[in-house]
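User: Hi! I am new to this structure and would like to walk through it with you. Could you show it to me?

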Amino acid sequence: MWVLTFIYFYSGVPYVEAVNSFPNMMDCFKARQVLSKEVGKGMGYFKAGQQAICINMEGNDD
């Protein structure tokens, strides 16, 4: 499972939100693109003080 995570600063305070979870990396990356259009600059880019990442929650811990 992959979790799309949105990180942003508001008045100098950092916030982190889990946006949604996905069964694979590609679906998560597609959702990241959509999120960048909704809250950022689009095309996978975000405004200053913002970023979104896809985090693998089921990795191998070797």
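Predicted model: local features only at pLDDT ≥ 70, side-chain atom pairs only at ≥ 80, totals over all residues.

User: Is Ser 36 buried or exposed?

Analyst: A residue counts as buried when its relative accessible area is under 20%. Ser 36 has 0% relative accessibility, so this residue counts as buried.

User: Which backbone nitrogen does the side chain of Ser 36 reach?

Analyst: Let's look at the surroundings of Ser 36: leaving out residues up to four places away in sequence, Ser 36 touches Lys 41, Gly 42, Met 43, Gly 44, Tyr 45 and Phe 46. Its side chain reaches the backbone oxygen of Gln 33 at 2.7 Å. The backbone nitrogen that the side chain reaches, at 2.9 Å, is that of Gly 44.

User: How wide an arc around the axis do the buried residues of α1 cover?

Analyst: The buried residues in α1 are Cys 28, Ala 31, Arg 32, Leu 35 and Ser 36. They sit on the same side of α1, because the arc they cover around the axis is only 150 degrees.

User: How far apart are the end C-alpha atoms of α1?

Analyst: With 15 residues at 1.5 Å a residue, α1 should span 21 Å. The model agrees with this, because the end C-alpha atoms of α1 are apart by 21 Å.

User: Which residue caps the N-terminal end of α1?

Analyst: Look for a side-chain oxygen that lies 3.2 Å from the backbone nitrogen of Met 26. That oxygen belongs to the capping residue, Asn 24.

User: How many residues apart in sequence are the parts that the pair Cys 28 and Cys 54 ties together?

Analyst: Cys 28 and Cys 54 form a disulfide, with their sulfur atoms 2.2 Å apart. Cys 28 lies in helix α1 and Cys 54 in strand β3, so the parts tied together are separated in sequence by 26 residues.

User: How many residues does the largest nonpolar core have?

Analyst: Cys 28 and Cys 54 are both buried, and they belong to this core along with others, including Trp 2, Phe 22 and Leu 35. β1, α1 and β3 each supply at least two residues of the core.

Technical notes. Residues numbered from 1 in each chain as written. Heavy atoms only, no water. Core = buried A, V, L, I, M, F, W, Y, C linked by side-chain atoms within 4.5 Å. Buried < 20%, exposed > 50% of the residue type's maximum accessible area, 1.4 Å probe, protein only. Helix = DSSP H or I, 4+ residues; strand = E, 2+ residues; numbered from the N terminus. Expected span 1.5 Å × (residues − 1). Arc of directions from axis to C-beta. Polar contact = N/O pair within 3.5 Å; in protein donor to acceptor, adjacent residues only side chain to side chain. Disulfide = S-S within 2.5 Å. Contact = heavy atoms within 4.5 Å.
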